Amino acid sequence: MSPPFTFSPNFLRKDVAGARGSVAKSARVKTRLVVAIDVPTFVRAKHLIETLAGIDVTFKVGYEALYGYGPDLLGLLESRGAAYMLDVKLHDIPRTVHAAVHALVRPGVALLTVHALGGAEMLAAAAEAAAERAAELGIPAPGVLAITILTSLAAKDLRELGLGGGAGENASRLAALARDARCAGIVCSVAEVAAVKSACGDAFIALCPGIRPGGSAHGDQRRIATPGDARAAGADYIVVGRPIVEDADPAAAARAILAELN
Ligand code: C5P
C-alpha cells in the first residue's frame, strides 16, 4: 500500500537558482529524439522497438500503448534495460497524482508527464512522489515534465477554453509554475522554447512534440516545427510519432531526423 500523502508546502521551490541564462547556449544543447510508440498492438510495438534497435532514440509510452498492452510493453522495455518516457499526462487532485506517480515509478522510467493545468500543488505532489519512490527503490528519480499547452491547440482553441493570451504567454506562465514545483521541465511547442529557457534556465528541460520533418502530414498537430527548428531553438528532446511509426521504413525515418538534429 502506498504511504498516505501529506503535502508539504515547503516542497514548492520559489527560489530556484537554475542558470537563468541566455539561450545563446542552446547551440551546444544536444537535442535527443523520442519516438512515440503509438501503435495499436504489442506485436507492432515490439517490432518497432526491434526495428529501431541500435539507433539513438528514447521510447515514449503513451495512452494507446499503456492502456492497450502496458504491462507487456513495460516488461519488454525493462528486460532490454531501456530508459523510457511514460507519457501518462496525469491530471487529478494532488493526493491521487502522488499515489499514481508512486505506483508508476520503476526502473527505466526516465521521464513522466503531468498536466501543468492541474495546478502548483498537484505538480509538487508529482515531483515529490517521484523523488520519494525512486529513493525507496534505490534508482534515479524520473524527471517530471509538465505539459503546458498541447501542441494540437491553436489560438482559437485557447480562447474557447478561456485561456487569455497566446500559447507562448500561457506556456511561459505554466513553465514557471512547474519550475517552482520542482518539476524537471515542461512539454511545449518549439516556438515556446526560447522564452521558457530564458525564464526558467537552460537546465530546465524543454521537450517538444508537434515535430514534422519537411513534407510529412500535420495530422491533428497545429503548432508544428521541423527537427532543425527544434535544435536551433534549444529543445532538449523532440517527440516524433507518426512521421516515424507510419513510415514504410521507420529506421530510415529516425536516422534522417537524427541527421537533421545533430
Ligand atoms: O504522431 P505525432 O508525432 O503527432 O505524436 C506526438 C506524440 O506526442 C503523441 O504521442 C502525443 O500524445 C504526444 N504529445 C503531444 N503533445 C503534447 C504532449 C504529448 O503531441 N503536448
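This is a predicted model: local features need pLDDT of at least 70, side-chain atom pairs count only at pLDDT 80 or more; totals for chains, interfaces and linings use all residues.
Val34 has Thr58 of strand E2 as its bridge partner. Strand E1 spans residues 32-36 and strand E2 spans residues 57-61. The two run parallel, joined by four bridges.

Eight strands form a barrel, ordered E1-E2-E3-E4-E5-E6-E7-E8, with parallel pairing. From one strand to the next, the twist averages 25 degrees. The protein chain holds 10 helices along with its eight strands.

Move on to strand E3, residues 84-90. Four bridges tie E3 to E4, and these strands also run parallel. Here Met85 has Leu111 of E4 as its bridge partner. How buried is strand E4, residues 109-115? Six of its seven residues are buried, so E4 is largely enclosed by the rest of the structure.

Burial can also be followed across the chain. Of its 262 residues, 41% count as buried. The largest nonpolar core has 75 residues. Val35, Leu123, Ala126 and Cys208 touch the most other members of that core. Which helix gives the most to it? Helix H4, residues 120-137, does, with eight residues.

Ala126 shows what such a position touches. Neighbours within four places in sequence are set aside here. Ala126 is then in contact with Leu90, Val97, His98, Val101, Val114 and Val144.

A separate pair shows sequence and space side by side. Arg44 and Val245 are 201 residues apart in sequence, but 9.7 Å apart in space, C-alpha to C-alpha. Arg44 lies in helix H1, residues 42-51. Is Arg44 buried, exposed or partly exposed? It has 15 other C-beta atoms within 10 Å. A buried residue needs 20 or more, and an exposed one has 12 or fewer. Arg44 is therefore partly exposed.

Ala36 falls within strand E1, residues 32-36.

Conventions:
Residues are numbered from 1 along each chain as its sequence is written. Two strands pair if DSSP finds at least two bridges between them. Axes are lines fitted to C-alpha atoms, for helices over the stretch in contact, and angles run from 0 to 180 degrees between N-to-C directions. A nonpolar core is a set of buried Ala, Val, Leu, Ile, Met, Phe, Trp, Tyr and Cys residues joined through C-beta atoms within 7 Å. Two residues are in contact if their C-beta atoms, placed from the backbone, lie within 7 Å.
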